[in-house]
Each structure stands twice: as C-alpha cells, then as structure tokens.
Amino acid sequence: MKLFYLAFAGVLYLASFAGDAFAQSADHYLTIELKNGPVVIQLMPEVAPKHVAQIEALAKKGEYDNVAFHRVIDGFMAQTGDVKYGNMEKGFDASLAGTGSSDMPDIPAEFSKTPFVRGTVGMARSQDPNSANSQFFIMFAEGSFLNGQYTVVGKVVSGMENIDKIKKGEGQNGEVKSPDRMIKVTLGKK
C-alpha cells in the first residue's frame with residue numbers, strides 16, 4: 001500500500017510541473033495578421049526561454065510589422081523575421097532579405113526534444129548553432145531532420161490555413177518574388 005501512495009505522490013508531483021509549464025505558455029501568444037487572416041502562435045518559454053524573450057521583445061517594439069516571408073518552400077516551411085532587410089515599408093532589399101537580423105545579440109542554441117511537425121515554429125540560423133536572432137520559420141509539414149538541430153520556439157494553435165496560403169517561392173532555396181508579409185504582429189493572450 002505504501003508503494004501505491006508513493007507512486008501516486010510521484011504522479012501528482014510530476015503533474016504539478018506539467019501544469020506549471022502549461023501555465024507558463026498560456027500567457028505567451030503571438031498573433032500574426034496576414035492578408036488572408038490571423039495566425040496565433042503559442043510561444044514556449046519552457047522550451048526556449050531566451051529565444052522566446054527575444055521574439056517577444058522584438059514584437060513589442062513593432063519590429064516584425066511588415067516583414068516579408070522571404071523564403072517559402074512548398075511542403076516544407078515559410079521563413080520570415082529579417083527585421084533589418086525584410087521590412088517591406090522600411091528599407092526592404094530582396095537581394096539581402098534573409099541575411100539580416102536585429103540590433104539585439106544572437107542567442108545561444110536552446111535545442112530540445114520537441115519535434116518539428118506541421119505548425120511548429122523554429123528559429124532560423126546560419127551554420128553556427130548559436131547564431132539565431134530574429135528570423136523564424138513555420139513548418140508546413142513534418143521535418144524530423146531538423147529535430148535537435150534548430151531551436152523550437154512555439155506552435156501554431158490557430159490559422160494554419162492562412163500559413164498554407166502564403167505565396168510560395170521558387171527553386172530549391174524558396175526565394176519569393178513580391179513576397180507576402182506579416183502585416184502586424186502582436187503579443188497577448190489567445
């Protein structure tokens with residue numbers, strides 16, 4: 001009987017941590033207004049606290065507003081977030097979009113066991129695992145080859161059909177001519 005009570009106590013203890021993790025995420029939502037409607041992303045500070053903090057800081061400053069989806073590969077992902085060269089109303093440069101970042105420092109990798117599946121939001125980076133800054137991507141489909149190689153920062157909880165409608169790029173790199181943009185990006189509860 002003691003063993004049963006110990007096991008039950010252990011389950012309750014673990015459940016309290018799971019509840020805390022869910023409660024942490026419950027207040028961390030990013031809403032992206034697209035031409036076809038809103039997309040709501042639940043950010044995951046319990047998985048990638050430094051990356052989520054940077055995304056939230058950039059969103060609060062309005063840095064993501066009017067930023068292009070500069071790289072979109074059908075069946076794979078849509079990439080955005082180049083606040084230096086990707087703002088389609090301030091200094092947009094199609095030839096450089098995807099090479100820029102923000103004025104904030106790069107972030108050390110926060111790899112996790114959270115898998116890349118349809119709707120997962122991950123941080124873009126160069127070959128250096130510690131080079132993520134402002135750019136992120138949203139998965140159209142499963143991408144297990146990215147697991148443990150890129151930082152997961154959130155997941156789409158509504159509006160994935162609007163992500164599916166983003167203008168696709170051409171070629172293997174997915175560069176987009178006349179790209180769609182994030183019209184407005186806001187933080188808050190769902």
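R71 is placed in strand 4; strands here are DSSP runs of E of at least two residues, helices are runs of H or I of at least four residues, and both are numbered from the N terminus. The model is predicted, so local features need pLDDT of at least 70 and side-chain atom pairs count only at pLDDT 80 or more, while totals for chains, interfaces and linings use all residues. Residues are numbered from 1 along each chain as its sequence is written, and side-chain values use heavy atoms, with hydrogens and water left out.

R71 is partly exposed, at a relative accessible area of 24%. Buried means under 20% relative accessible area, exposed means over 50%, and partly exposed lies in between (1.4 Å probe, protein chains only). Neighbours within four places in sequence aside, R71 is in contact with M77, A78, Q79, N173, G174 and V176. Contact means heavy atoms within 4.5 Å. The side chain of R71 also reaches the backbone oxygen of N173, at 3.0 Å. Such a polar contact is a pair of N or O atoms within 3.5 Å; within protein, one must be able to donate a hydrogen and the other to accept it, and residues adjacent in sequence count only if both atoms are side-chain atoms. R71 and F137 are 66 residues apart along the chain, yet their C-alpha atoms are separated by 8.9 Å.

F137 counts as buried, at 5% relative accessibility. The chain holds 4 aromatic pairs. Rings of Phe, Tyr and Trp (its six-membered ring) pair if their centres lie within 6.5 Å; planes under 30 degrees apart count as stacked, over 60 as edge-to-face and the rest as tilted. F76 and F145 form a tilted pair, with 5.7 Å from centre to centre and 35° between the planes. This pair links distant parts of the chain: F76 is in the loop between strand 4 (71–73) and strand 5, and F145 is in the loop between strand 7 and strand 8, 69 residues apart. F145 is exposed, with a relative accessible area of 56%.

The rings of F137 and Y150 have centres 6.0 Å apart and planes at 80°, so this pair is edge-to-face. F137 lies in strand 7 and Y150 in the loop between strand 7 and strand 8, so the pair ties together parts 13 residues apart in sequence. Y150 is partly exposed, with a relative accessible area of 22%. One aromatic cluster is formed by F116, F137 and Y150. The charged end of R125 sits over the ring of Y150, 4.2 Å from its centre. For this, NZ of Lys or CZ of Arg must be within 6 Å of the ring centre and within 35 degrees of the ring normal.

T151 belongs to the loop between strand 7 (136–139) and strand 8 (152–158). T151 counts as buried, at 4% relative accessibility. Its side chain reaches the backbone nitrogen of E110 at 3.1 Å. Residues up to four places away in sequence not counted, T151 touches A48, H51, A109, E110, F111, F116, V121, G122 and M123.

H51 is also one of the buried residues of helix 2, along with V52, Q54, I55, E56, L58 and A59. These buried residues pack against strand 1 (29–34), strand 2 (37–43), strand 6, strand 8 and strand 10 (184–188). Helix 2 has 12 residues (residues 49–60), which should span 16 Å at 1.5 Å a residue; its end C-alpha atoms are 16 Å apart, in agreement. The expected span is 1.5 Å times one less than the number of residues. Just after helix 2, G62 takes a positive phi of about 80°.

V83 and G62 are 21 residues apart in sequence and 9.8 Å apart in space, C-alpha to C-alpha. V83 is found in the loop between strand 5 (77–80) and strand 6 (120–123). At 11% relative accessibility, V83 counts as buried. Residues up to four places away in sequence not counted, V83 touches E63, Y64, V67, S101, S102 and S134.

Across the chain, the secondary structure comes to 3 helices and 10 strands. Of the 190 residues, 43% are buried. Among contacts with a separation of 6 or more, 65% come from residues 24 or more positions apart.
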